[in-house]
Amino acid sequence: FMIVPRHILGKGYVAPSDKLNIAAIGAGGKGRVDISGAYANGANNIIALCDIDAERSMQTRTAFPKAHFYDDFRKMLDELKDDIDAVTISTPDHTHAVAAMAAMSLGKHVYVQKPLANTIHETRMLTETARKNRIVSQMGNHGASNPTQ
């Protein structure tokens with residue numbers, strides 16, 4: 001019956017709709033660092049983690065106990081496609097392009113660790129998909145990804 005302006009709720013209030021729901025493919029090692037950066041101390045939600053090595057990803061899974069856990073990114077994307085806004089991809093190099101293409105084909109924004117792809121053709125396919133689906137994408141590179149460097 002009443003709409004309350006945001007400034008009434010208090011300074012620093014962030015509406016749930018202002019947070020991204022992020023899924024991660026690769027949750028151990030470098031993935032843990034990328035997930036932490038995407039989470040940004042609570043600025044976004046980590047809703048799903050995917051890693052084929054449950055033991056190596058345990059530290060990240062413990063840090064985000066509410067996140068769904070998968071060992072197959074295809075299943076994760078299929079089951080949560082309506083809930084995911086963006087995906088971080090921090091897997092072994094040879095799977096970067098495959099995972100990125102799967103996410104981008106669903107209209108998900110991506111942060112992909114370097115190298116982006118194995119061939120120029122894969123890179124061009126990712127570029128075309130990003131343009132077609134109006135995807136925001138970034139390849140991981142500390143010089144471009146870290147605001148302190």
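Guide: Buried means under 20% relative accessible area, exposed over 50%, and partly exposed in between, with a 1.4 Å probe and protein chains only. The model is predicted, so that local features need pLDDT of at least 70 and side-chain atom pairs count only at pLDDT 80 or more, while totals for chains, interfaces and linings use all residues. Residues are numbered from 1 along each chain as its sequence is written, and side-chain values use heavy atoms, with hydrogens and water left out.

Visitor: Is aspartate 34 buried or exposed?
Guide: The limit for a buried residue is under 20% relative accessible area. Aspartate 34 has 8% relative accessibility and therefore counts as buried.

Visitor: With which residue does aspartate 34 form a salt bridge?
Guide: A salt bridge is a side-chain nitrogen of Lys or Arg within 4 Å of a carboxyl oxygen of Asp or Glu. Helices (H or I, at least four residues) and strands (E, at least two) are DSSP runs, numbered from the N terminus. The two partners are 4 residues apart in helix H2 (residues 30–39), and so are separated by about one helical turn. The closest N and O atoms are 3.6 Å apart, and the partner of aspartate 34 is lysine 30.

Visitor: Which residue meets aspartate 72 in a salt bridge?
Guide: Aspartate 72 is partly exposed, with a relative accessible area of 22%. The N to O distance is 2.8 Å, and the partner is arginine 74.

Visitor: Which residue in S5 is the bridge partner of isoleucine 89?
Guide: Two strands pair if DSSP finds at least two bridges between them. S4 and S5 run parallel and are joined by 4 bridges. In S5, the partner of isoleucine 89 is valine 112.

Visitor: Which residue in S6 stands opposite valine 112?
Guide: S5 is joined to strand S6 (residues 137–139) by 3 bridges, and the two run parallel. Opposite valine 112 stands methionine 139.
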